[in-house]
Amino acid sequence: MTPLSPRPDRPTTTSPPQSPIPRQSQSQSRSQSRSPRAGTTSGAGAGAGAGTGARARAWAELLRLPALFTVPGDALAGAATTGNRPNPRTLLAIASSLCLYEAGMALNDWADRTEDALERPHRPLPSGRIHPSAALVAAGALTAAGLTLAARAGRPALAVAAPLAATVWAYDLALKRTPAGPAAMATARGLDLLLGATATGGSARPALPAALTLATHTLAVTTVSRDETRGGSPLAPLAALATTGTLAWTLTRPPGAPGTAPSRYPAASPSRHPAPVFSRHPAAASSLRTVLAAAFVTTSGRPLLHAALNPSPPLTQRAVGGGIRAMIPLQAALAARSGALASALLTAALAPAARRFARKVSVT
């Protein structure tokens, strides 16, 4: 697993990747032998292309590129709480989050390389497609890049990115299989949202309720994932289902309603750059929150209910996958609650792309 997105650490039965070059027939081999120059040139080009494509796919599997679509929404939701439109510092926060996320992915496989050799030999490191030292170097380089980008966004952003990076490394190297693992992952996801807030507005305080919401969902999903390889008690899925329902109810409540944190979006808006608020379109605001909350419940709640009724490994794994995908509508709903319509719609638009790319490269 990585702190920014729960990843199931389970044995799989994925077949080894097929070569993109079809096997030549006997007649083709004979025809090429009659034309050594043409055959050599063509074979070299195809081999080079196949080698480059195989290496690119191996790194895409190691870094789990489709899961990247769950990251930008953290910073956008955090930025929305500050009362400012996303600005160049917000983009730096997103880039920093992406680097730290991918650092966690590479470090995760490096730390699990011995276990994966037994349970998931098709993964890039145990299969030999990527050397373990290359994965470790990539994790270090991506961490350095993430911290550098955060520093460019300002000292407040760096003050959040540094503990975020430390949490990523501590989780992958020490905390993953301890009782503190789910809490560490939840902390990292909450910090990722605060990174967007501090980069955009300089303060993490207005983003604390949204960060707590995202961290609570992450904690629930990660707790369920602890039993996904062997199944177990329905208590964890039931608790996660109750958490999903509570969070969804909170998301549908207008800012400032009883039981919700007051919105600081209009109040924090600077006079030179007024924030886009829903004050003139309350019906649109309510409708958007309802739609996004429904998408969150459907994506996360339905598989959790199935896992609670039958906590078998396959259904538990589906529940974890649903919880990961549900982060996107959750992030969008958090942005919408702060009044950032454009950020909410942009975040929600990432969901179809995530599903499409996940069909090519697994996110687990």
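# Reading a helical model, feature by feature

Tutor: Helix H15, residues 350-358, is where Ala 354 lies. Keep in mind from the start that this is a predicted model.

Student: Is Ala 354 buried or exposed?

Tutor: A residue counts as buried under 20% relative accessible area. Ala 354 has a relative accessibility of 12%, so it is buried.

Student: Which residues is Ala 354 in contact with, leaving aside its neighbours within four places in sequence?

Tutor: They are Pro 66, Phe 69 and Ile 328. Distances between C-alpha atoms can be read as well: Ala 354 and Arg 325 are 8.3 Å apart in space and 29 residues apart in sequence.

Student: How many helices and strands does the protein chain have?

Tutor: It has 15 helices and zero strands. As for helices in general, there are 3.6 residues in each turn of an α-helix, so residues three or four places apart point the same way.

Student: Why is helix H3 described as largely enclosed by the rest of the structure?

Tutor: Look at the burial of its residues, 72-80: nine of the nine are buried, so H3 is largely enclosed by the rest of the structure. Among these buried residues are Pro 72, Asp 74, Leu 76 and Ala 80. In the protein chain, buried residues make up 47% of the 364 residues.

Student: Which residues touch the most other members in the largest nonpolar core?

Tutor: First, the general idea. Nonpolar side chains tend to be buried together in soluble globular proteins. Here the largest core has 42 residues, and those touching the most other members are Leu 164, Leu 193, Leu 195, Leu 251, Leu 292, Phe 296 and Leu 334. Several helices each supply at least two residues of this core, including H3, H4 (88-111), H7 (155-175) and H11 (282-309). The largest share, seven residues, comes from H8. There is also a second, separate core of ten residues, which includes Val 221, Val 224, Leu 304 and Ala 307.

Student: What is Leu 193 in contact with, apart from neighbours within four places in sequence?

Tutor: Its contacts include Asp 74, Ala 77 and Gly 78, and also Ala 210, Leu 214 and Leu 334. Leu 334 is in contact with Thr 213 too, as are Leu 247 and Leu 330. Thr 213 is found in helix H9, and with a relative accessible area of 15% it is buried.

Student: What share of the contacts in the chain comes from residues 24 or more positions apart?

Tutor: Of the contacts with a separation of 6 or more, they account for 80%. Pro 156, found in helix H7, gives a case to look at. Leaving aside neighbours within four places in sequence, Pro 156 is in contact with Thr 198 and Gly 202. At 35% relative accessible area, Pro 156 is partly exposed.

Student: Is Thr 114 buried or exposed?

Tutor: The cut-off for exposed is over 50%. Thr 114 has a relative accessible area of 60%, so it is exposed. Its place is in helix H5, residues 113-119.

Student: How many aromatic pairs does a search of the whole structure find?

Tutor: In general, a pair of aromatic rings is described by the distance of the centres and the angle of the planes. In this structure the search finds zero such pairs. A ring can still have a charge over it: the charged end of Arg 113 sits over the ring of Trp 110, 4.3 Å from the ring centre.

Student: What is the phi of Arg 64?

Tutor: Most residues other than glycine have a negative phi. The phi of Arg 64 is near 50°, a positive value. Arg 64 is found in the loop between helix H2 (36-63) and H3, and it is buried, with a relative accessible area of 0%.

Student: Where does pLDDT stay under 50?

Tutor: The chain averages a pLDDT of 81, and 76% of its residues score at least 70. One stretch with pLDDT under 50 is residues 8-44, for which the model has 29 contacts beyond four places in sequence. Residues 259-280 are also below 50, with 46 contacts in the model beyond near neighbours in sequence.

Notes
Residues are numbered from 1 along each chain as its sequence is written. Side-chain values use heavy atoms; hydrogens and water are left out. Buried means under 20% relative accessible area, exposed over 50%, partly exposed in between (1.4 Å probe, protein chains only). Helices (H or I, at least four residues) and strands (E, at least two) are DSSP runs, numbered from the N terminus. Rings of Phe, Tyr and Trp (its six-membered ring) pair if their centres lie within 6.5 Å; planes under 30 degrees apart count as stacked, over 60 as edge-to-face and the rest as tilted. A charge sits over a ring if NZ of Lys or CZ of Arg is within 6 Å of the ring centre and within 35 degrees of the ring normal. Contact means heavy atoms within 4.5 Å. A nonpolar core is a set of buried Ala, Val, Leu, Ile, Met, Phe, Trp, Tyr and Cys residues joined through side-chain atoms within 4.5 Å. pLDDT is the predictor's confidence in each residue, from 0 to 100.
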